[in-house]
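Subject: Structure with two ligands

Hello,

Here is the structure for your files. Please have it open while you read the notes below it.

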Amino acid sequence: MTGATSIRKLPSLSGLHHRRNPLEDNPFFHPSDGFYITTSDVILAQVAYDLSAQSQSRVAYHRAGPRREIMYEPSAVKAAIVTCGGLCPGMNTVIRELVVGLWELYGVREIYGIPAGYRGFYSMEAVKLDPKAVHDWHKKGGTVLATSRGGFHLHNIVDAIQLNGFNQVYIIGGDGTMRGAVEIFKEITLRKLEVGITGIPKTVDNDVGIIDRSFGFQTAVEMAQQAISAAHVEAESAVNGIGLVKLMGRSTGHIALHATLSSRDVDCCLIPEMDFYLEGKGGLFEFLEKRLKERGHAVLVVAEGAGQEMIPRNESQKQERDESGNPVFLDVGVWFKSVLKDWWGREHPDELFTVKYIDPTYMIRAVPANATDNLYCTLLAHSAIHGVMAGYTGFVPGPINGNYAYIPLEEVALTKNKVNMSDHKWAWVRSVTNQPDFETNFKGQSL
Ligand SMILES: Nc1ncnc2c1ncn2[C@@H]1O[C@H](COP(=O)(O)OP(=O)(O)OP(=O)(O)O)[C@@H](O)[C@H]1O
Ligand SMILES: O=P(O)(O)OC[C@H]1O[C@](O)(CO)[C@@H](O)[C@@H]1O
Ligand SMILES: [Mg+2]
């Protein structure tokens, strides 16, 4: 297979001097040949190719990991760590590993936590951190630094970075945070400040693009099983029982999809990426009628962003936004419970029916990370440190097909990871649930 490989350029700080990596003297590392990553080490963006195709151009990213030379004098590093947006399992592990990694691997002693998200840069006192202070943070849900939405005032933030003399900034957040990090990176560059900026992608929704998955996502899917199992028990213990579970997923249905595939108890999974309808041939009610007749119970999993356009709302509800500008949803679970009860009351007024609605959303994202995610958070944090210490900036560390790479920040900020409704995974969901193919049914009806 021929074809050019274009390597995504990584911005790097120019005004710093090369130094020997202190890992050379670290008693736990014995850097041998191949230990240090060089500029020729790359990670291909995709691993699946059609070899029969003549020539295909390939995209590659610089590989993450320690470089032989670093660009900072460790004693001159003053690092800031901030967490923004919604909670996600593992945030505290990333903070902990940034602190321990900077301290133990590179001998950095000036490490600060910025409280309460972006606003904390200019409105709160930075908190000095060291390995002792963070030693058990990986066992705690949430973020000890606290987070917030909104409060992004670019000049206040960059002024504060400059005033406090931070020369490394580790920004942990989701798609919104990454968009903010791009603006900070651009302003730092404009001001010609020698400050390394890196974004560590975080969102329980797993809606950040390019990387294999967001940390905390697997923990969230694992926790969702408990809610789905409870809904299944409630449903099968009732006459004509429906177990209804709402999961997180503002604009993507990854948690609902993966929880459905893992649990095997789900009869219908509804996500924001799909259109579905309730009444008529091929609709949800026809499907549930059949399922209740066959089994006497059914389990419905719905992502919070699914069906929002079907829920009646007044003008102010249509306009409502959270502090970051994200649309505020109406509770699709409460709406579903009422439409299901209306439907059954109309069709079977004299038959028993019950809907048990479970909303585990905040419970799921507030738990500590599981073992897999804790390991992932460690590798992610260390990748970030190695990249910043090597003088890279404006980048996001993350696994691509299992190998950690450095991706330009702007590329990540602009790429959303939506569920691909035409790929095998969604077909697998439909084969596991036997739910209606709403899109095809709908098209068939409108022909
Ligand atoms: N386009 C943008 N430009 C600058 N800052 C932004 C932008 N979008 C969001 N932000 C800021 O980024 C921070 C986090 O954004 P948001 O609340 O949307 O959460 P998030 O990072 O998307 O994480 P999650 O989706 O996991 O909740 C907020 O302080 C918000 O003000
Ligand atoms: O944390 P808040 O402001 O209640 O927002 C909840 C939102 O945060 C997320 O957990 C992540 O964006 C979404 O799944 C959910 O819609
Ligand atoms: Mg977001």
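The notes below cover confidence in the model, then each ligand in turn.

Confidence

This is a predicted model. The chain has a mean pLDDT of 95, and 99% of its residues are at 70 or more. The overall scores are ipTM 0.98 and pTM 0.96.

Ligand 1

The shell around ligand 1 holds 17 residues. Arg-149, Gly-150, Asp-175, Thr-177 and Ser-324 are the closest of them. Sorted by class, the shell has 10 polar, five charged and two nonpolar residues.

- Thr-177: an N or O atom of the side chain is 2.5 Å from a ligand oxygen.
- Asp-175: a polar side-chain atom is 2.6 Å from a ligand oxygen.
- Gly-86: here a polar backbone atom takes part, 2.8 Å from a ligand oxygen.

On its own, ligand 1 exposes 620 Å², and the protein buries 88% of that area. As for its location, ligand 1 sits in the largest pocket.

Ligand 2

Which residues are around ligand 2? They are Arg-149, Val-204, Asp-205, Met-248, Gly-249, Arg-250, Glu-304, Tyr-362 and Arg-365. By class, this shell divides into five charged, three nonpolar and one polar.

- Tyr-362: a polar side-chain atom lies 2.5 Å from a ligand oxygen.
- Arg-149: the distance from a polar side-chain atom to a ligand oxygen is 2.8 Å.
- Arg-250: an N or O atom of the side chain is 3.4 Å from a ligand oxygen.

Where does ligand 2 sit? The space that ligand 2 takes is the largest pocket, and the largest pocket is also where ligand 1 sits.

Regards

Conventions
Residues are numbered from 1 along each chain as its sequence is written. Chains are lettered from A and ligands numbered from 1 in the order in which they are written. This is a predicted model: local features need pLDDT of at least 70, side-chain atom pairs count only at pLDDT 80 or more; totals for chains, interfaces and linings use all residues. Side-chain values use heavy atoms; hydrogens and water are left out. A residue is near a molecule or strand if one of its heavy atoms lies within 4 Å of it. A polar contact is a pair of N or O atoms within 3.5 Å; within protein, one must be able to donate a hydrogen and the other to accept it, and residues adjacent in sequence count only if both atoms are side-chain atoms. Accessible areas come from the Shrake-Rupley method with a 1.4 Å probe; for residues, only the protein chains shown count as cover. On a 1 Å grid over the protein atoms alone, a cavity is a set of points where a 1.4 Å probe fits but cannot get out, and a pocket is an open set with protein on both sides within 12 Å along at least five of seven lines; lining residues have an atom within 4 Å of a point. A molecule sits in a cavity or pocket if more than half of its atoms lie within 2 Å of its grid points. Ala, Val, Leu, Ile, Met, Phe, Trp, Tyr, Cys and Pro count as nonpolar, Asp, Glu, Lys and Arg as charged, and the others, Gly among them, as polar. pLDDT is the predictor's confidence in each residue, from 0 to 100.
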